[in-house]
Amino acid sequence: MSEELKIGLVSISDRASTGVYEDKGIPALKEWFDAALASPWRLESRLIPDEQPIIEATLIELCDRAGCHLVLTTGGTGPAPRDVTPEATLAVADKVLPGFGEQMRAVSLKYVPTAILSRQVGVVRGKALILNLPGQPKAIKETLDGVFAAVPYCLDLIGGPYVETREDVVKAFRPKSAVKPAG
Amino acid sequence: MSEELKIGLVSISDRASTGVYEDKGIPALKEWFDAALASPWRLESRLIPDEQPIIEATLIELCDRAGCHLVLTTGGTGPAPRDVTPEATLAVADKVLPGFGEQMRAVSLKYVPTAILSRQVGVVRGKALILNLPGQPKAIKETLDGVFAAVPYCLDLIGGPYVETREDVVKAFRPKSAVKPAG
Amino acid sequence: MSEELKIGLVSISDRASTGVYEDKGIPALKEWFDAALASPWRLESRLIPDEQPIIEATLIELCDRAGCHLVLTTGGTGPAPRDVTPEATLAVADKVLPGFGEQMRAVSLKYVPTAILSRQVGVVRGKALILNLPGQPKAIKETLDGVFAAVPYCLDLIGGPYVETREDVVKAFRPKSAVKPAG
């Protein structure tokens, strides 16, 4: 059987982290993964404010100590002064994958013209892929539907577990040269 | 009534700034805003050469002292050695909004394959949004038609005035959660 | 007659550079240029491992000493730890042209969803344009077919020779204001 995929979810919101507002990002993500993944996985969740040092420390903890292979943030990617998720993500990155930011915006632009304002990025830190997602449940689902096909092969390349998806939700793409490890 | 939108226009061209060549960027921009804006606005214009320190100083003056909420540059975004508008814009930026550069190029690519060569960026400095536009009047209009729908909501988020557009020219998009301030 | 276009080709692969694996990038590039170019050209080729200092030194040598106007790399643009071609290219760049990376990924995305993982960039160093291409012959051809229309005008702008293409393969685009030098 495949190694378990460990997913870190980080909801970044001043209001949600102080309880003023109910977090909707983590439940939306959990629902998406319940439907999409066919191989074993489990979650680590965090609810934190829009403070760059706290976001950086949380990403480092999830990648380096909790052993997450995939870390998804929600919220904090807009142009407002308190939106610092991309800055924090870039600060802890080993490699930036500009295609994720481009494609996540291109997907969202099909729904709303203000998708252009999102500064979301995708980066590699060690053996983890970190992706910034929007804050709204609908936009989270649209974005993951649009880019997740490339995530399993990315995890293969950076040393993560072999992830399988339910093809009716999202079909993982791997080149023919990619080999599934003996289980 | 809404607070007036203060727009800075900066035409960047060695030839136009010395009078060798008539500037066509600022008239094209003025015509576009005349047609597109429904709420009050006024312009500050500058005509300067392709010198990075002068461009930076002009952008800083328009954002920090003249109180512009929106600053648009034309010219100087190509690959030639004298093209330094993006470098100057990034040097004065607080936040980069990569979606503007991507989408302005994507819009222009529908018209000319050489749109790929444009290095235009969109950034936030303090409470101002700065966008680099192409130098040709036709390309200026195409670009603004393609991205301006997201500008009013961006200005809301960074603390600018509530901007309204003429919907037959361009329809400003705001999420349902955005509220128009009492007038 | 036009000045000869000097093209540097750099195949970046640990396995190909040690002979474990036959390089397919340089033959694919040569075949593409044989079909596409109508004005005179010649090639300089290099086969090197995925070592950032060696890639940087090779790019500098081809641009600054061998006098190449156009340098194309293949391989080393993915998210894996040994993939460092974009880092090396950015380290020797005078100007980054983000439109090339965006458009090369957009073109490849029409064929494979994992194109999102490519970190390829286009930059100017002195009077040379450097483009990172994928490693697979099929993807090299698709990418050049998708972006080369803008390359001749880019070379005009940075001081290179006037390049002409065979229009049945790729039609070079120049604005009407661009003038062909007297031959």
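This is a short chat about how one predicted model is built and how its chains meet.

User: Before we start, what should I know about the model and the numbering?
Analyst: The model is predicted, so local features need pLDDT of at least 70 and side-chain atom pairs count only at pLDDT 80 or more, while totals for chains, interfaces and linings use all residues. Residues are numbered from 1 along each chain as its sequence is written, and chains are lettered from A and ligands numbered from 1 in the order in which they are written.

User: OK, how many helices and strands does chain A have?
Analyst: Chain A has seven helices and six strands; these are DSSP runs, with H or I over at least four residues for helices and E over at least two for strands, numbered from the N terminus.

User: And what pattern does chain A follow along the sequence?
Analyst: Chain A reads β-α-α-β-α-β-α-β-α-β-β-α-α.

User: How much of chain A is buried?
Analyst: 54% of its 183 residues. Buried means that 20 or more other C-beta atoms, placed from the backbone, lie within 10 Å of the residue's own.

User: Switching to chain C: how many residues does the contact with chain B take?
Analyst: 17 residues from chain C and 14 residues from chain B, with contact meaning C-beta atoms, placed from the backbone, within 7 Å.

User: Which element gives the largest share on the chain C side there?
Analyst: That's α5(C), with five residues.

User: What about the contact between chains C and A?
Analyst: That one takes 14 residues from chain C and 17 residues from chain A.

Conventions
Contact = placed C-beta atoms within 7 Å. Buried ≥ 20, exposed ≤ 12 C-beta atoms within 10 Å, placed from the backbone.
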